[in-house]
Amino acid sequence: MKDFARVGRSLLFTVICVLLFGSPSKGQDEPFYKGKTLRVIAGTTAGALYDQWARIIAAHIVNHIPGNPQVFVQNMPGAGHQIAANYLYNVAKPDGLTVIGSIIPTLYLDQLIGRAEVKFDWGKFLFIGSPVKGDSQLMMRADAPFKTIEDMRNAKEPAKCGGTGTGGTDFIFSRLLEETFPPLKINSVLGYPGGPEIDLGIERGEIQCRSFTIEAFFAREPYHTWRKKGFVRNIVQTGQARDPRLPDVPTMYEVMDQQKTPDLARRLARVVLVGGTLGRPMLAPPGMPPERLKILRDAFVKTMKDPGFLAEIEKRKYELDPTPGENLEAIVKDVMSQPPAIIEKLKTVLAPK
């Protein structure tokens with residue numbers, strides 16, 4: 001009877017422990033991501049450089065996430081990446097299983113000027129990292145009658161430049177050129193789903209020009225062939241100094257000096273061009289548990305040093321100049337705090353025509 005009572009007490013103690021602390025399970029100490037799938041959203045059509053960066057990072061980052069989750073990339077193009085941004089902010093669960101692989105960094109401008117289609121708060125996104133910075137350039141068909149900014153200022157008919165939407169860097173850069181170098185005008189033809197479609201528009205002669213990153217211009221076709229055949233020329237670039245690959249192309253800052261651009265316009269240019277510093281950021285929705293954000297940020301940093309990842313970047317001849325998520329967060333916090341004068345000027349400059 002004593003043995004029976006002892007066994008009974010032992011069973012009672014076990015039951016109490018289970019009720020208080022939960023039953024031990026095989027997966028209790030397993031990493032959160034084990035057996036799960038990470039969904040990486042690309043805010044453009046397949047083939048664009050934003051899409052390619054999302055896919056490359058997705059393929060390698062899972063190797064550095066404890067638990068080694070599966071991964072798939074989902075294209076969600078439209079409205080200059082706003083559809084993807086709105087989805088991530090409002091629909092995606094903040095559980096660490098859905099992120100945007102890379103996105104147009106100038107979406108913050110749409111929020112600053114209060115566009116109704118913006119359903120996100122750029123400053124509340126969780127920034128994981130960016131693989132590269134993104135100075136831009138204006139590319140023009142060589143048979144168009146524009147060789148310089150001065151030619152564009154004096155033209156009777158404005159150049160026709162393609163873009164994805166009012167939140168796209170292409171449209172924003174066009175409007176910045178108009179504001180900075182009057183009486184320059186650009187006819188912005190919007191609504192293209194992504195970069196490859198804009199390129200087709202240039203080839204077909206629907207449009208003459210396009211603004212996008214120097215990185216992309218030297219990264220893939222059709223630009224390799226276009227450069228070789230002299231099909232296009234570069235008019236201006238956005239960096240503080242000339243990119244070594246475009247030694248004969250003036251910077252915005254050089255042209256502003258030549259044109260004696262007023263101080264307010266210069267300050268406006270700096271706010272707009274900081275998007276290039278953000279590069280191609282990888283984002284997570286707000287509200288994600290801090291420990292999972294740390295996992296993803298750590299995995300991103302390790303991915304940027306991964307031999308397999310570096311070999312693929314070298315093979316594709318992509319640039320690599322990564323920025324960790326914490327640094328992006330600080331840049332975003334600063335850029336989202338602008339005085340009323342700049343906000344009002346932005347509203348004028350970026351208003352749809």
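Biologist: Which residues are linked in a network of salt bridges?
Modeller: D199, R210 and R220 are. A salt bridge here is a side-chain nitrogen of Lys or Arg within 4 Å of a carboxyl oxygen of Asp or Glu. This is a predicted model, where local features need pLDDT of at least 70, side-chain atom pairs count only at pLDDT 80 or more, and totals for chains, interfaces and linings use all residues. Residues are numbered from 1 along each chain as its sequence is written, and side-chain values use heavy atoms, with hydrogens and water left out.

Biologist: How many salt bridges does the rule give?
Modeller: The count comes to 21.

Biologist: What does R280 pair with?
Modeller: R280 forms a salt bridge with E215, and the closest N and O atoms are 2.9 Å apart. The pair links distant parts of the chain, 65 residues apart: R280 is in the loop between α12 (275-278) and β10 (282-284), E215 in helix α8. Helices (H or I, at least four residues) and strands (E, at least two) are DSSP runs, numbered from the N terminus.

Biologist: Is R280 buried or exposed?
Modeller: R280 counts as buried, at 2% relative accessibility. E215 is buried as well, at 3%. Buried means under 20% relative accessible area, exposed over 50%, partly exposed in between (1.4 Å probe, protein chains only).

Biologist: And R245, what is its partner?
Modeller: E319, with the closest N and O atoms 2.2 Å apart. R245 counts as partly exposed at 34% relative accessibility, and E319 does at 25%.

Biologist: Changing topic. Why is β9 largely enclosed?
Modeller: Strand β9 (residues 232-237) is largely enclosed by the rest of the structure because five of its six residues are buried. Strand β5 (residues 136-141) pairs with β9 in the antiparallel sense over five bridges; two strands pair if DSSP finds at least two bridges between them. R141 has V232 in β9 as its bridge partner.

Biologist: What is the mean pLDDT of the chain?
Modeller: The mean is 90, and 91% of residues reach 70 or more. pLDDT is the predictor's confidence in each residue, from 0 to 100. Over residues 15-27 the pLDDT is below 50. Where pLDDT is low, the predicted coordinates should not be read in detail.

Methods: Contact means heavy atoms within 4.5 Å.
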